[in-house]
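Here are my notes on this one, as numbered points. Have the model open while you read.

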Amino acid sequence: MNNLYLPFLAEIKEIREETPDTKTFVISAPLKFKPGQFVELSVFGYGEAPISISGGNGECIELTIRAVGNVTNKIHRMKVGDYVGIRGPFGNGWPIEKVEGKNLLIAAGGIGLAPLKPVIEHVCQNRDKFKEVTLLYGARKPSLMLFKYKFDEWSKHMNLLLTVDEPENGWKGHVGVVTTLCDKIKHVSDTITLMCGPPIMMKYTSMVLIELGFPPSEIYLSLERNMKCGIGICGHCAVGGVYVCKDGPVFSLNRAIRFIEKPHEVQGVLD
Ligand SMILES: Cc1cc2nc3c(=O)[nH]c(=O)nc-3n(C[C@H](O)[C@H](O)[C@H](O)COP(=O)(O)OP(=O)(O)OC[C@H]3O[C@@H](n4cnc5c(N)ncnc54)[C@H](O)[C@@H]3O)c2cc1C
Ligand code: FES
């Protein structure tokens, strides 16, 4: 049996600059993965970090990484042809099968769009399997939006609603946090929501969606926790009786409510 602690060597094939602090690395890794799964990325001599798979073609995977610390700053200084280590894929991923035949709402904030990109691409390639599809995406500024070069293509297949907190560079679109887009959603019943973003965005967007009538059992969130092993052994990511790495990182809101920030505030809306 493979040793799940042992990373395999993988070459950086391409690097795309997404925003001033975020790059997408195309890495030679012939992995089959489910949208929403993650890998443990090793940068030798620096450590490991869990990173969502933001794309892939069977030969390579894409990792969209914001430089925040030890591992992520070092990979930002690496070049095409350098090697990293990969373990995975790990985690449960988004419940895509549940969405087929239904309406789909995708809500993303900032780098939270990265784990949702494989879902969006799956929808574009299999559009007839879904009813109405809406993508809400918010970033602090237009220059911090990921995957802008994909927006034209995505908007052919779904209702793409963008917003920024602070306009710049002649931005003519919507201004405001993600929740200010929620009244533009045309479908509530028979809708599954997939959401990823900063905890505060997920909390307030969940509250607004519940007020609009979206059932919490049909809202799925991808959670971030400190991780080490990624496979349910070390206990680093344990919270409320679950391992976020193995049982998640995707949870329905009625399960996640026990471990998101100040759950009583969301609970108040649920009561
Ligand atoms: C399931 C999962 C999927 C993830 N997917 C992605 C992804 O696709 N892309 C991505 O860029 N990140 C992703 N992350 C977050 C990423 O794993 C962390 O940012 C990473 O562990 C940082 O490693 P580091 O060694 O660079 O930082 P460290 O050296 O461990 O941290 C350095 C400093 O940065 C701070 N820090 C750590 N994480 C963050 C953060 N997320 N935001 C702001 N400050 C932070 C720490 O508090 C610390 O002060 C994911 C996390 C999880 C659990
Ligand atoms: S990271 Fe080790 S149990 Fe989840």
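1. Start with the shell around ligand 1: β4 (47-56), β5 (60-66), α1 (70-76) and α3 (113-125) each put in at least two residues. Helices (H or I, at least four residues) and strands (E, at least two) are DSSP runs, counted from the N terminus. β4 is the top contributor here, with five residues.

2. Keep in mind that this is a predicted model, where local features need pLDDT of at least 70 and side-chain atom pairs count only at pLDDT 80 or more, while totals for chains, interfaces and linings use all residues. Residues are numbered from 1 along each chain as its sequence is written, and chains are lettered from A and ligands numbered from 1 in the order in which they are written.

3. Who sits nearest? Of the 21 residues around ligand 1, it's S52, G69, N70, V71 and T72 (near means a C-beta atom, placed from the backbone, within 6 Å). By class, the shell has twelve nonpolar, six polar and three charged residues; Gly counts as polar, and Tyr, Cys and Pro are among the nonpolar ones.

4. Ligand 1 lies between domain 1 (8-90) and domain 2 (96-270), because both give residues to its shell. Those bounds come from an automatic or database domain assignment.

5. The C-alpha centres of the two domains are 22 Å apart. Their contact takes 18 residues from domain 1 and 20 residues from domain 2, with C-beta atoms, placed from the backbone, within 7 Å. On the side of domain 1 that touches domain 2, β4 again gives the most, with five residues.

Key: Two residues are in contact if their C-beta atoms, placed from the backbone, lie within 7 Å.
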